[in-house]
Amino acid sequence: MVTIMKGMGQIILLCVFSLIMNKFVEVLHWKIPGSILGIIVIFVLLQTKIIRLEWIELGAKWLLAELLLFFIPSAVGIIKYQHILVDNGVRVVFVITLSTIIVMACTGLLANKIAERKEQKSS
Amino acid sequence: MILALFSLILTIGLYWGAKWCYKTKPKVYLSPLLTTPLLIVAFLLWTHISYESYNTGAQWLSNMLQPATIAFAVPLYKYFNILKKHATEILVSVLSGSVVAIVSSLFLARGLHLNTQIVDSLIPRSVTTPIAMGVSETIGGVPAITAVFVIMTGLMGAVIGPIVIRLLRIENEIARGVLLGTSAHGAGTSKAFEFSSIAGTISSLSMILAALITLCVTPWLMALML
């Protein structure tokens with residue numbers, strides 16, 4: 001019970017913080033989304049020990065564990081664009097599949113190469 | 001009001017059910033991100049409830065994306081030393097991967113003569129939804145369509161990722177994480193955790209980096225390629 005209260009409290013804290021960040025970028029007309037600014041601010045606050053990890057760790061863990069749930073309403077939004085998908089679906093799937101394979105090959109091979117070279121150097 | 005509450009409960013309920021299904025039978029086509037929206041779409045079509053009325057309740061879940069994105073600061077902080085240790089391979093590969101994602105989506109989509117609105121909505125498809133939707137809006141796409149493309153990318157990435165890893169013989173855990181996180185955001189990251197916790201951690205870092213990079217370079221790349 002205490003754990004649930006603690007986790008919930010931390011989630012509320014993160015929500016409030018996220019609202020503040022949104023307001024902040026809105027008022028200052030910054031081009032970056034409030035959530036990205038939020039990641040940076042929380043990260044800096046943790047690094048500089050202004051906030052302690054225990055204050056948000058549990059809430060953050062819960063939010064990240066259920067991340068998929070928060071995407072579902074946007075995915076259901078597909079219902080509004082049925083005609084677009086019926087007309088272009090095959091081509092869209094083709095673009096997504098091929099582009100994803102290209103990105104994977106590029107990042108994977110590059111990271112593998114650099115990591116191998118690093119290992120050779122250190123041995 | 002009652003309908004709003006109902007759609008909220010329906011979404012969470014179906015999601016829990018789908019999650020349980022996936023746990024007992026972890027097949028890609030049973031991924032909660034695929035089954036839950038499909039069931040809800042079928043339900044809305046059957047009952048003639050409009051998306052707008054469904055979303056009055058369900059948007060509370062979408063609103064949680066913001067704090068959930070901020071929550072990524074926690075793993076970023078916890079594993080910062082791993083990031084520092086492998087900074088070169090992560091930064092170089094994520095940067096090139098993100099640029100390749102934008103450029104290849106743009107050229108493939110244009111090559112297939114998709115209309116501009118769809119092309120622009122496709123461009124940020126490889127990064128996490130909140131950022132992708134933001135980028136989409138900036139460059140003239142439709143955020144809601146982008147959200148659908150992002151999810152399609154995630155599903156596709158989770159299916160193709162392990163195959164690509166096997167075919168290209170990517171045995172380094174760091175490289176596996178970078179590959180999955182850069183190409184398929186959160187869905188790729190949950191797949192990466194199935195490989196190892198290092199791959200998963202690197203994948204979540206790559207996903208955050210890819211989002212930041214895409215956010216910064218997309219408008220600039222678009223201006224370059226017009």
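How exposed is Lys19(B), by relative accessible area? Lys19(B) is partly exposed, at 22%. The cut-offs are these: buried is under 20% relative accessible area, exposed is over 50%, and partly exposed lies in between (1.4 Å probe, protein chains only).

The model is predicted, so local features need pLDDT of at least 70 and side-chain atom pairs count only at pLDDT 80 or more, while totals for chains, interfaces and linings use all residues. Residues are numbered from 1 along each chain as its sequence is written, chains are lettered from A and ligands numbered from 1 in the order in which they are written, and side-chain values use heavy atoms, with hydrogens and water left out.

1. **The interface as a whole.** The contact between the chains takes 71 residues from chain A and 88 residues from chain B. Contact here means heavy atoms within 4.5 Å. The area buried between chain A and chain B is about 7,200 Å². Carbon and sulfur atoms give 81% of that area. Buried area is the accessible area (1.4 Å probe) that two parts lose on being put together, summed over both.

2. **Polar pairs across the interface.** There are 13 residue pairs in polar contact between chain A and chain B, both residues at pLDDT 80 or more. The rule asks for a pair of N or O atoms within 3.5 Å; within protein, one must be able to donate a hydrogen and the other to accept it, and residues adjacent in sequence count only if both atoms are side-chain atoms. On chain A, the elements that give two or more residues to the side touching chain B are helix H1 (2–28), helix H2 (34–47), helix H3 (57–65), helix H4 (67–76) and helix H5 (82–122). H5(A) gives the largest share, 30 residues. Helices (H or I, at least four residues) and strands (E, at least two) are DSSP runs, numbered from the N terminus.

3. **The Glu66(A) bridge.** Between chain A and chain B the count is 3 salt bridges. A salt bridge is a side-chain nitrogen of Lys or Arg within 4 Å of a carboxyl oxygen of Asp or Glu. One of these joins Glu66(A) to Lys19(B), at 2.9 Å from N to O. The pair runs from the loop between H3 and H4 of chain A to helix H1 (residues 2–24) of chain B. Glu66(A) is buried, with a relative accessible area of 17%.

4. **Bridges within a helix.** The whole structure holds 7 salt bridges over all chains. Among them is Glu26(A) with Lys23(A), at 3.7 Å from N to O. These two sit 3 residues apart in helix H1 of chain A, so about one helical turn separates them. Glu26(A) is exposed at 52% relative accessibility, and Lys23(A) is partly exposed at 48%. In chain B, Lys191(B) pairs with Glu194(B), the closest N and O atoms being 3.2 Å apart. They too are 3 residues apart, in helix H11 (residues 173–195), and so about one helical turn apart. Lys191(B) is buried, at 14%. An α-helix has 3.6 residues a turn, so residues three or four places apart point the same way.

5. **The covered face of H3(A).** Leu58(A), Gly59(A), Ala60(A) and Leu63(A) are buried in H3(A). Their cover includes H1 and H4 of chain A. It also includes helix H4 (65–70) and helix H5 (73–78) of chain B.

6. **Two fully covered positions in chain B.** Thr36(B) lies in helix H2 (residues 32–47) of chain B. Thr36(B) counts as buried because its relative accessibility is 0%. Leaving out residues up to four places away in sequence, Thr36(B) touches Ile72(A), Thr11(B), Leu14(B), Tyr15(B) and Ala18(B). Gly188(B), in helix H11 of chain B, is also buried at 0% relative accessibility. Beyond its neighbours within four places in sequence, Gly188(B) is in contact with Leu180(B) and Ser203(B). **A nonpolar surface patch.** Leu109(A), Val159(B), Ile163(B), Leu167(B) and Leu168(B) form a nonpolar patch on the surface. Together they have about 420 Å² of accessible area. Accessible areas come from the Shrake-Rupley method with a 1.4 Å probe; for residues, only the protein chains shown count as cover. Patches are made of residues with over 30% relative accessible area and no salt bridge; like charges are joined within 9 Å, nonpolar side chains (Val, Leu, Ile, Met, Phe, Trp, Tyr) within 5 Å. Helix H10 (residues 143–167) of chain B gives the most to the patch, with 3 residues. Leu167(B) lies in H10 of chain B and is exposed, at 67% relative accessible area.
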